Amino acid sequence: MHPMIASPKIRGFFNLLRLFVVVAGVFASSSSVSAAGSDMPLTFDARERLSRPDLSTVLRVRILTSVDFPPFNFADQTGRLSGFNIDLAREICTELQIAAKCQIQALPFADLEKTLEGGAGEAVMAGIAVTPELRKRFAFSRPYLSVPARFAVNNAAKINGNTATALAGRTVGVVAGTAHEVMLKAFFPKATATPFDTFEAMLDALKTGKVDAVFADGLRLPFWIAGEASAKCCALFDGSYLSEKFLGEGLSVMMRKGDPVLNAAFDQALNALSRNGRLQDIYLRYFPNGLY
């Protein structure tokens with residue numbers, strides 16, 4: 001996963017979406033995002049079978065999260081922990097038959113790493129980006145969700161075609177210094193990359209027609225397109241683009257090193273949930289029109 005997923009600035013954007021249920025309703029009913037695929041890419045081989053480790057000696061599994069990253073983890077209007085990661089954590093515990101031993105605890109995002117490292121938790125599910133530095137300190141499950149990049153276009157721009165090749169020679173906004181800028185130039189060299197200092201400045205340029213299109217995070221763009229801020233100016237364009245090289249490995253469970261049994265257990269549960277469709281069900285609960 002790209003480091004921006006865990007950055008305070010990006011996480012601050014999602015703080016504006018605390019009433020996620022309302023936003024999700026708009027998102028689901030918006031025709032501008034209806035072209036997105038509803039099926040999530042498989043992160044496990046459907047033929048693979050992983051054996052469940054013996055967890056009988058495990059006393060408890062404390063899964064740490066935060067409440068400032070909707071739709072992945074947030075507190076709903078009643079104060080109850082909710083979100084994609086929360087529902088998935090509960091499903092993992094059920095699959096492993098340790099629901100009675102599982103505790104999901106919310107902490108400030110900045111405290112998650114040190115709390116896990118200090119032994120006050122067994123796992124973190126909070127959208128932390130996998131980096132080489134973190135891999136030196138922690139273990140990670142296999143990824144369970146990849147975050148794509150997407151295009152959006154201004155509705156007034158006359159694009160002759162419905163794929164990215166039609167953007168050749170067109171101005172495409174991108175946030176400077178991000179993986180999306182590098183990816184855009186590598187994948188679509190015929191597009192005219194136009195860098196902006198911030199995500200907000202890029203979107204304003206798209207809304208006002210200063211650029212024909214933008215290329216950015218596939219999580220944020222659909223919410224902006226479906227929300228009031230866009231004033232129905234724009235629409236998602238073409239499909240989603242995934243790249244481990246540019247966008248990272250995807251969402252994973254972070255655990256302490258030195259506990260291979262628990263690590264194997266999370267992989268087994270994720271594999272089973274991927275095969276039996278429960279992972280897809282949770283995905284569609286929070287992304288009814290899909291990310292892909």
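1. Ala152 lies opposite Val214 of strand 11, and the antiparallel pairing of strand 8 with strand 11 (residues 213-217) runs over 5 bridges. Strands here are DSSP runs of E with at least two residues, numbered from the N terminus, and two strands pair if DSSP finds at least two bridges between them.

2. The model is predicted, so local features need pLDDT of at least 70 and side-chain atom pairs count only at pLDDT 80 or more, whereas totals for chains, interfaces and linings use all residues. Residues are numbered from 1 along each chain as its sequence is written, and side-chain values use heavy atoms, with hydrogens and water left out.

3. Strand 8 also pairs with strand 12 (residues 234-241), in the antiparallel sense and over 5 bridges; there, Val153 has Ala235 as its bridge partner.

4. In strand 8 (residues 149-154), 6 of the 6 residues are buried, a term that means under 20% relative accessible area (1.4 Å probe, protein chains only). Ala149, Phe151 and Val153 are covered on one side, and Arg150, Ala152 and Asn154 on the other.

5. The whole structure holds 2 disulfides, each defined as a pair of cysteine sulfur atoms within 2.5 Å. Cys93 and Cys102 are linked with their sulfur atoms 2.0 Å apart, and both of these cysteines are buried.

6. Cys233 is joined to Cys234 at an S to S distance of 2.3 Å, and this disulfide is left-handed because the torsion about its S-S bond is about -95 degrees. Cys233 counts as buried because its relative accessibility is 13%, while Cys234 is buried at 3%.

How values were computed: Buried < 20%, exposed > 50% of the residue type's maximum accessible area, 1.4 Å probe, protein only. Helix = DSSP H or I, 4+ residues; strand = E, 2+ residues; numbered from the N terminus.
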